[in-house]
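Have a look at the model on the screen and I'll walk you through a few parts of it.

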Amino acid sequence: TTYLGTEVDEDDTCLNQNQNQNEGNAGRDVAIVDLTLEDEHDMPSPQRSVSTTYLGTEVVTPKEKPASRGDQTCRVLQRNSIAKSPVHAQKAQLSGKSRTIALSARIKEQMQKHMEELRKAYNLYYGIDSNVDERAARKIIEKLAKKSIPTAKGDCYRCGWGGFQRDTRKALNCYLEGYKAGCVLAIGNLGDMHMNGESVDQDEKRGSIFYREGHEKGNSICTTELGIYLLEKAQDNEMPKSALEEGLRLLMIAAEKKNSNALEYLGNHYRDSNREYAFEFYQDAANKGQACSQFEVAQTFEDNGNCIKAKEWYMKFLKNRDGSSKHKGIAHLHLGRFCNDNQDFKNARIHYAKSAYSFKNPTAYFNMGLAHKDGRIGVKKDVEKSKYDFRECLKGYL
C-alpha cells in the first residue's frame with residue numbers, strides 16, 4: 001500500500017511504526033484508526049480486506065497471514081488441553097460409563113431371557129431332576145453360545161464345543177461376564193477353574209468361596225462341590241470334624257434336589273461302612289444315568305446272587321458312554337462268565353475277547369489263553385495265540 005507517498009510493507013509491525021512516528025506531528029489533523037477487533041469471530045477472512053481513510057489516503061489493511069507452525073502447535077496444544085480438561089474428561093468418563101451400563105443391561109436382559117433354557121442344559125448334563133444326557137445338554141449350550149450367551153460361550157471355550165477353539169482364558173472371561181450379569185450357573189464354573197487352576201493361580205479357598213455363594217443362591221451343583229470339598233478336607237485332617245459334618249449335610253441337601261453327583265458321592269462315602277445304605281444312593285444315581293453307580297448296582301446284585309439283575313445293569317453300564325476302561329473290562333468279563341455258565345459260548349467268547357483285547361483285563365487274557373490252548377468256547381486251538389494271551393495276563397498282574 002502507499003502511505004504518504006511511501007511504500008508501506010504489508011507487515012503489521014511496519015504499519016504500527018509509521019503510525020507511531022506521525023503521532024508526534026501536532027500540525028496535522030491526524031485521525032488514528034483503531035483496527036482492534038473486539039471478538040476473534042470478527043476477524044476478516046484471508047480472502048477479504050478492510051479499507052479505511054487515513055489522512056485523506058485510502059489505506060487497505062493487508063490480508064491475514066497464514067499461521068506459522070508455532071502458532072498451529074499452540075492451537076493444537078490448546079485444543080488438547082481443553083479436551084483433557086477435568087470437565088471434558090468427566091464428560092467422556094460419564095459417556096463411557098453410560099455405554100458400559102447399557103451394554104451390561106443388554107447382556108443381563110439376554111441372559112435372563114435364555115436362563116431357563118441354560119438351566120435345562122445344566123440339569124441334563126449333571127442329572128438334576130432328570131436323567132444324565134450330555135449330548136442333549138451340549139446341543140442346547142452350543143445353540144446358546146451362538147446367541148452370545150456368556151456362560152454358554154464359556155462352556156464352549158472350555159470344552160472346545162461348537163467350533164470354538166479350546167481356550168480356558170476366554171472361558172474364564174465369559175464366566176466372569178455371566179457372573180456380572182447375574183447368572184448363578186456361572187458361579188460354579190468360576191469355582192471349578194479356581195480349584196483346578198485353569199488360567200488362574202490354583203486357589204482352593206477362593207474356589208470354595210464361589211461354591212458357597214452359589215450354594216446360597218440355590219445352585220445345587222455348587223452345594224455338591226462345596227460338600228465334597230469340605231468332606232475330603234476333613235478326611236485328610238486338613239479341617240476339623242465340623243467340616244465333615246457340614247459336608248455331609250450339604251450333600252444331603254443336594255441329594256434331596258436329585259443331584260446325581262451328590263447321590264453317587266454319598267454312595268461312595270457309605271460303601272464300606274454301610275453297603276445297604278450306600279446301595280440306596282447308588283440306585284437313585286444309576287437310574288439317572290450315572291455310569292459308576294450303574295456298575296456298583298450291578299456288582300451288588302451279583303454279590304447277592306441275582307445274576308439276572310446284575311446282567312441287566314452291566315449291559316446298561318456298557319451302553320453308557322461314561323465309565324472307566326477298567327470297569328468296562330470287568331463288566332465284559334462278568335458277562336462272559338454268565339454266558340459261559342449258561343452254555344452260551346458264542347457270547348462268552350465275544351465278551352471275553354472284548355474284555356481282554358479292548359480293555360486289557362488280565363483275567364480275560366487268561367480265559368482266552370485257556371480257550372486257545374484247549375480249543376474251548378468255539379475258539380480254534382492255537383498254541384501261539386495261547387502263549388501271547390498268557391504273557392499279556394502276566395503283564396497285567398505284574
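Quick housekeeping. This is a predicted model, so to speak of local features we need pLDDT of at least 70, and side-chain atom pairs count only at pLDDT 80 or more, while totals for chains, interfaces and linings use all residues. Residues are numbered from 1 along each chain as its sequence is written, and side-chain values use heavy atoms, with hydrogens and water left out.

So, the overall picture. The protein chain has 19 helices and 4 strands; those are DSSP runs numbered from the N terminus, with helices being H or I of at least four residues and strands being E of at least two. Of the 398 residues, 38% are buried. Buried here means under 20% relative accessible area, exposed means over 50%, and partly exposed is in between, with a 1.4 Å probe and protein chains only. Now contacts, meaning heavy atoms within 4.5 Å. Taking those with a separation of 6 or more, 42% come from residues 24 or more positions apart.

Next, please find helix α6, residues 150–159. It's mostly covered, with 8 of its 10 residues buried. Among the buried ones are Asp155 and Arg158, along with Cys156 and Tyr157.

Now the helix pair. In general, two packed helices are described by the angle between their axes and the distance between the axes. Here, α17 (residues 345–358) and α18 (residues 362–374) pack at about 125 degrees, with axes 8 Å apart. The axes are lines fitted to C-alpha atoms, for helices over the stretch in contact, and the angles run from 0 to 180 degrees between N-to-C directions. That makes α17 and α18 oblique to each other; under 35 degrees would be roughly parallel, over 145 roughly antiparallel, 65 to 115 roughly perpendicular, and the rest is oblique. Who touches whom? On the α17 side we have Arg349, Tyr352, Ala353, Ser355, Ala356 and Tyr357, and they meet Ala364, Tyr365, Asn367, Met368 and His372 in α18. By class, that contact has 7 nonpolar, 3 polar and 1 charged residues. For the classes, Ala, Val, Leu, Ile, Met, Phe, Trp, Tyr, Cys and Pro are nonpolar, Asp, Glu, Lys and Arg are charged, and the others, Gly among them, are polar.

Last topic, charges. Side chains of opposite charge can pair when their charged atoms come close. The rule for a salt bridge is a side-chain nitrogen of Lys or Arg within 4 Å of a carboxyl oxygen of Asp or Glu, and the count comes to 17.

One of them joins Glu296 and Arg271, at 3.0 Å, N to O. This pair links distant parts of the chain: Glu296 is in α14, Arg271 is in the loop between α12 and α13, and they're 25 residues apart. Glu296 is buried, at 7% relative accessibility, whereas Arg271 is partly exposed at 27%.

Compare Lys395 and Glu392, which meet at 3.3 Å, N to O. Those two are 3 residues apart in helix α19, so about one helical turn separates them. Lys395 is exposed at 59%, but Glu392 is buried at 17%.

That's my tour, thanks.
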